[in-house]
Amino acid sequence: TGILTCMLIAAVDRILNQTWSPVYILSLVSFSVLGGIYFSNRNYICENSTFMLEIFAVCILFFLAYVEPSARRDNPVVAFLVALVIIPPLIADRPWRLLLVILSAGMMALFFCVYVEFPEIRKMDLLRIISVTFLSSVLTCYIDHTRLEILLKQAASQTSAAHDPLTGVLNRGGGTSLIEECLQEQMSGTFLIIDIDDFKHVNDTYGHQRGDEVLQEVASILKHSFKSTDIVMRMGGDEFIVYAVGLADERVAGYRLEKLVEEAARVPAGRSGPEHISISIGGVVNDGTYPTYESLYRTADRHLYDTKSKGKNGFRLHSVSFREDTI
């Protein structure tokens with residue numbers, strides 16, 4: 001809308017200071033047509049704002065590149081050069097596309113300078129256009145680089161806020177919110193609570209540093225045992241939670257948990273020696289009927305307690321719909 005307004009102002013300026021000509025009539029017709037297109041396709045333009053902004057930028061640069069040499073043949077090109085520097089950095093897009101906008105606008109201006117302007121000012125304007133095109137490219141790349149750094153810092157900050165610094169998996173807040181999103185969309189899956197047996201013994205016997213290493217090793221096993229789309233998080237202490245999205249087959253889930261228990265049993269409690277850790281798991285297969293994170297957690301925690309009361313180092317998996325579970 002702002003670019004269209006600039007085109008209208010430029011057209012009115014030419015009309016007030018020059019006689020009527022096809023150039024001025026064309027500018028008003030262009031404004032009217034583009035304005036009609038905008039108001040009749042507002043939803044599409046809002047959804048594709050960057051692409052449409054590029055089109056409008058090319059339009060106004062084309063307009064200035066054509067009008068200035070033809071309407072002011074005795075004056076150097078000024079408005080086009082200013083627009084060429086200002087407009088591209090306003091567009092947040094891939095660098096190669098912005099470079100294409102800049103180079104195409106520069107080529108248009110060069111063409112009109114060669115075929116329209118007087119020879120005595122042509123050389124001066126050609127040098128200006130070439131130098132300003134280079135300046136515009138450098139400025140655009142610098143601004144895009146700055147934007148990219150800001151986005152990367154924001155992404156890193158959000159990632160670190162949602163992840164556990166010790167193990168690298170999601171923390172309680174980050175994991176819980178993702179599981180709740182899955183439940184809102186009624187996505188089936190297997191919810192697991194995984195607890196390291198006698199973890200206090202590891203800390204007391206081998207030291208807290210070794211305890212941290214054990215947590216990291218268990219987290220690594222969990223990440224490699226489930227898909228990248230599954231949710232793996234550390235609740236705190238030695239407790240982990242996994243939501244295997246789409247895993248709604250109790251037999252398949254049980255087979256995977258057997259392998260998980262076996263792999264965890266290979267982790268030594270100390271850096272060396274015969275003693276190894278073990279894990280206990282309580283799980284529930286969600287067929288999409290469990291409405292909340294708390295309902296899944298309560299059921300899985302109940303089965304985790306059963307696993308521990310029956311000797312630890314194993315799992316118990318529950319596969320009943322939420323309605324049957326509450327009866």
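Val 242 has its place in strand β3 (residues 239-245), where strands (E, at least two residues) and helices (H or I, at least four) are DSSP runs numbered from the N terminus. This is a predicted model, so to speak of local features takes a pLDDT of at least 70, side-chain atom pairs count only at pLDDT 80 or more, and totals for chains, interfaces and linings use all residues. Residues are numbered from 1 along each chain as its sequence is written, and side-chain values use heavy atoms, with hydrogens and water left out.

**Around Val 242**

Is Val 242 buried or exposed? Val 242 counts as buried, because its relative accessibility is 0%. Here buried means under 20% relative accessible area, exposed means over 50%, and partly exposed is in between (1.4 Å probe, protein chains only).

Who are the contacts of Val 242, leaving aside neighbours within four places in sequence? Val 242 is in contact with Thr 190, Phe 191, Leu 192, Ile 194, Leu 222, Phe 226, Ile 231 and Val 232; contact means heavy atoms within 4.5 Å. Take Val 232 from that list: it sits 10 residues from Val 242 along the chain, and their C-alpha atoms are separated by 4.6 Å.

**Two helices side by side**

Leu 222, one of those contacts, also turns up where α10 meets α11. In general, two packed helices are described by the angle between their axes and the distance between the axes. Here α10 and helix α11 (residues 250-264) pack at an angle of about 150°, with axes 11 Å apart. That makes α10 roughly antiparallel to α11. Axes are lines fitted to C-alpha atoms, for helices over the stretch in contact, and angles run from 0 to 180 degrees between N-to-C directions. Angles over 145 degrees count as roughly antiparallel, under 35 as roughly parallel, 65 to 115 as roughly perpendicular, and the rest as oblique.

On the α10 side, Ile 221, Leu 222 and Ser 225 meet Arg 256, Leu 260, Glu 263 and Ala 264 of α11.

**Salt bridges**

How many salt bridges does the structure hold? There are 9, each being a side-chain nitrogen of Lys or Arg within 4 Å of a carboxyl oxygen of Asp or Glu. Here are some of them:

| Pair | N to O distance |
|---|---|
| Asp 197 and Lys 308 | 3.0 Å |
| Arg 210 and Glu 213 | 3.1 Å |
| Glu 217 and Arg 210 | 3.0 Å |

Asp 197 is buried at 4% relative accessibility, while Lys 308 is partly exposed at 25%.

Arg 210 and Glu 213 are 3 residues apart in helix α10 (residues 208-225), so about one helical turn separates them. Arg 210 is buried at 4%, and Glu 217 is partly exposed at 28%. Arg 210, Glu 213, Glu 217 and Arg 271 are linked in a network of salt bridges.

**Cysteines and a threonine**

A search of the whole structure finds 0 disulfides, a disulfide being a pair of cysteine sulfur atoms within 2.5 Å. Cys 141 is partly exposed at 45% relative accessibility, whereas Cys 182 is buried at 10%.

Thr 176 is found in helix α8 (residues 172-184) and is buried at 13%. Not counting residues up to four places away in sequence, Thr 176 touches Met 233 and Tyr 293.
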